[in-house]
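Please look at how the parts of this model are put together, taking the contact within one chain before the contact between the two copies.

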Number of protein chains: 2
Amino acid sequence: MELWYSENHTDNVRFSLKIKEHLFSTQSNFQRVDILDTYEYGKLLTLDGLVMVTERDEFVYHDMIVHPSMAVNPNIKNVLIIGGGDGGTARELMRYPNVQHVDMVEIDKMVVDASRKFLPTMSSELDNERVNVLYEDGVEFIKNKNNFYDLILIDSTDPIGPGEGLFTTEFYNNCFKVLKNEGILVNQNETPVYNEFFKVGISSNIKLKKMFPIVEVYQASIPTYPGGYWLFNFASKKYNPIADLKEDDWNSLGLKTKYYNTNLHIGAFSLPNYVKEKFENGNV
Amino acid sequence: MELWYSENHTDNVRFSLKIKEHLFSTQSNFQRVDILDTYEYGKLLTLDGLVMVTERDEFVYHDMIVHPSMAVNPNIKNVLIIGGGDGGTARELMRYPNVQHVDMVEIDKMVVDASRKFLPTMSSELDNERVNVLYEDGVEFIKNKNNFYDLILIDSTDPIGPGEGLFTTEFYNNCFKVLKNEGILVNQNETPVYNEFFKVGISSNIKLKKMFPIVEVYQASIPTYPGGYWLFNFASKKYNPIADLKEDDWNSLGLKTKYYNTNLHIGAFSLPNYVKEKFENGNV
C-alpha cells in the first residue's frame, strides 16, 4: 500500500508527500493536529491539513523568522513569540546569550504536546528556563501591556481558524504598544505565488505600514510551502533592516546556521519586480 | 472528470496541476513532447513528462538565464543558445539592441514547432532576423569553432536523454574555446533541494571551475520547478558577476522585467549556507 499526504495549494495545484506512517491525529479545541512521517522530509506537522513544518526544511523558516532581526539589533533581550508551538522559533532564540526572556504565547497546547513528543529537534529548548510557554490567545495576551518587548515574532498559521485575529489592525496596534522604542516585529507573510495567500500578505503589510515607520518585506525559499517561496514582514520603530545590519556583531557570535548568513540577509530584502510592484500597488 | 498532470520530483514528492485540456502529445526523434493547458499556470510544455516551462512562471527562468550576464557585459553582441526551443531565452535577448546575432541550436525541431503553435508569448521572437535557429546537436555544433561568441546560454533539459552531452567536460571545453576573451557562459544548474538534481548541479559547477577563472552560482524562485528553487552557474573568463555589474548601464536601457532587477542581481548570488557549503565541499 502507498500512503500519500496531499495539500492543495490552490484548487488547481497539489503538493504530495509519500508517507511512512501517520503517527498522530487529533482534533484539539482549535484545529486538527496531525504528525506524519514522510519519506522525503522526515516528520511533518500539519494543522487543519496544511503543512506547518517538516524536520528537513524547517531550518529555512526558523532561521529566517529569527536571525534577521537579531542581526539588526544585537541588544534584543525580551522577545514575544505569538504561536510558534512547534518550538523551532524559541530554539533559534535560545542560541543568543543576550536573550534574557521569551514569552511564547501559543493558543493550542496540543501543538506543543505533539511537538514535544514527535519533533524533539524543534521543541528541544521549550524547557529552557529563559522560555515561558503560555497557553493563551495572543490577541488577548497582548492587550493592556506596554513598552516591554524588544522583538515580537508572529509565527502563526494563515488567517483561517485560530490565526485569524493575528492579522487585524487592532492586534498590530497592540503589538506596537507593547514594543519598546527600538522594537521590531516580524511576521510570516505568505507566498506571492498564489493570490489567495498574497492578498493576505499585502493586507498585513498595509496595516503594518500604517503604524510602523519602517516596514520591509523579505523572502526565503521553503520547499514545502506553497510556491516554494515565502515572505516575511520586518516592521520596525527605529532600525532599518539593511542600513542597520550589524554584520560584524552577528558574525562574531559564531552561530552555525544552515540557511541564514549576513550576505543572504541583504539579498533576502531584494525582491523580484512582480512582488515589489504588488506591495507598492497594495493589491494582487 | 478531473484531469491532473503530475511530476514526481523524487520517488516521494509529487507536484500536480489540474488540466483543462491535453492539447498536444507526440514522440519526437528525441523525446516525448506534450503541451497541456493548466488552470493555474496557463499552457505547460513538458519533455519526457517533466515541466519545462509554463506560461505563468516562465518569466522567472528566462529573466534569470539572460539578464544577469547582459547587466555585467553591456557589449554582448553574439550569443549562442544551446537548447531553448520554447523561444523564451531568445525573446529576452531580442530586447537588447546591442545583440547583433543569436544562434539557437536546438536538437529537437518538434519542441520549436510545438512552441510556435501553442506558446506564442514565448516563441514570439524566433522569426526575428537576428535569431538563427539551427536544428542540430549542440555538442556537435560547437566543435571546431573558436573565439566567436560573447555569451553562451545552456538552456537545456536535465542530463537524461538529449541533454546528457551538455553536462560533460568535453562540451564545456568546447564552450570555453568558442567564447571570446570576455566571454560568459550561463547554464541552468538544477535545484539544491533534492540530491538527485543537486549532484548534477555540483558536478557541472566543478567541471566549469576547472576551466573558467570565475564561476559563481546564483538562484531564483521558480514555483513549478522541483523545490520551487533553481540554480544557475555564471562561468566567466574576465567579468565578475558582482564587481563588474553595470547597474546604471542596465537600468538606463529601461527594460521592464517581471522578476529581474539589479538589486535582485546581487541578492541572487547570496546563497544560503547549505547550498554554499555543498558547492564548496563538492558533494551533496
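In this predicted model, the C-alpha centres of domain 1 of chain A and domain 2 of chain A lie 23 Å apart. Domain 1 of chain A covers residues 3-54 and domain 2 of chain A covers residues 58-281, the bounds coming from an automatic or database domain assignment. Where the two meet, 21 residues from domain 1 of chain A and 20 residues from domain 2 of chain A take part in the contact, contact meaning heavy atoms within 4.5 Å. As for conventions, residues are numbered from 1 along each chain as its sequence is written, and chains are lettered from A and ligands numbered from 1 in the order in which they are written. Local features need pLDDT of at least 70, side-chain atom pairs count only at pLDDT 80 or more, and totals for chains, interfaces and linings use all residues, while side-chain values use heavy atoms, with hydrogens and water left out.

Between them, domain 1 of chain A and domain 2 of chain A bury about 2,000 Å², 73% of it on carbon and sulfur atoms; buried area here is the accessible area (1.4 Å probe) that two parts lose on being put together, summed over both. On the side of domain 1 of chain A, the residues that lose the most area to domain 2 of chain A are His9(A), Phe30(A) and Val53(A), which together account for 27% of what that side buries. Four residue pairs are in polar contact between domain 1 of chain A and domain 2 of chain A, both residues being at pLDDT 80 or more; a polar contact is a pair of N or O atoms within 3.5 Å, where within protein one must be able to donate a hydrogen and the other to accept it, and residues adjacent in sequence count only if both atoms are side-chain atoms. The side of domain 1 of chain A that touches domain 2 of chain A draws at least two residues from each of strands S1 (3-10), S2 (13-27), S3 (32-38), S4 (42-47) and S5 (50-54) of chain A, strands being DSSP runs (E, at least two residues) numbered from the N terminus. The largest share of that side, five residues, comes from S2(A).

Turning to the two chains, a rotation of 180 degrees with 0.0 Å of shift along its axis superposes chain B on chain A with an RMSD of 0.0 Å, by least squares on the C-alpha atoms of residues with pLDDT of at least 70 in both. The two copies are therefore related as by a two-fold rotation axis. In chain B, the C-alpha nearest the axis belongs to Gly267(B), 1.7 Å from it.

Lys256(A) forms a salt bridge with Glu277(B), with the closest N and O atoms 3.3 Å apart.

Conventions
Helices (H or I, at least four residues) and strands (E, at least two) are DSSP runs, numbered from the N terminus. A salt bridge is a side-chain nitrogen of Lys or Arg within 4 Å of a carboxyl oxygen of Asp or Glu.
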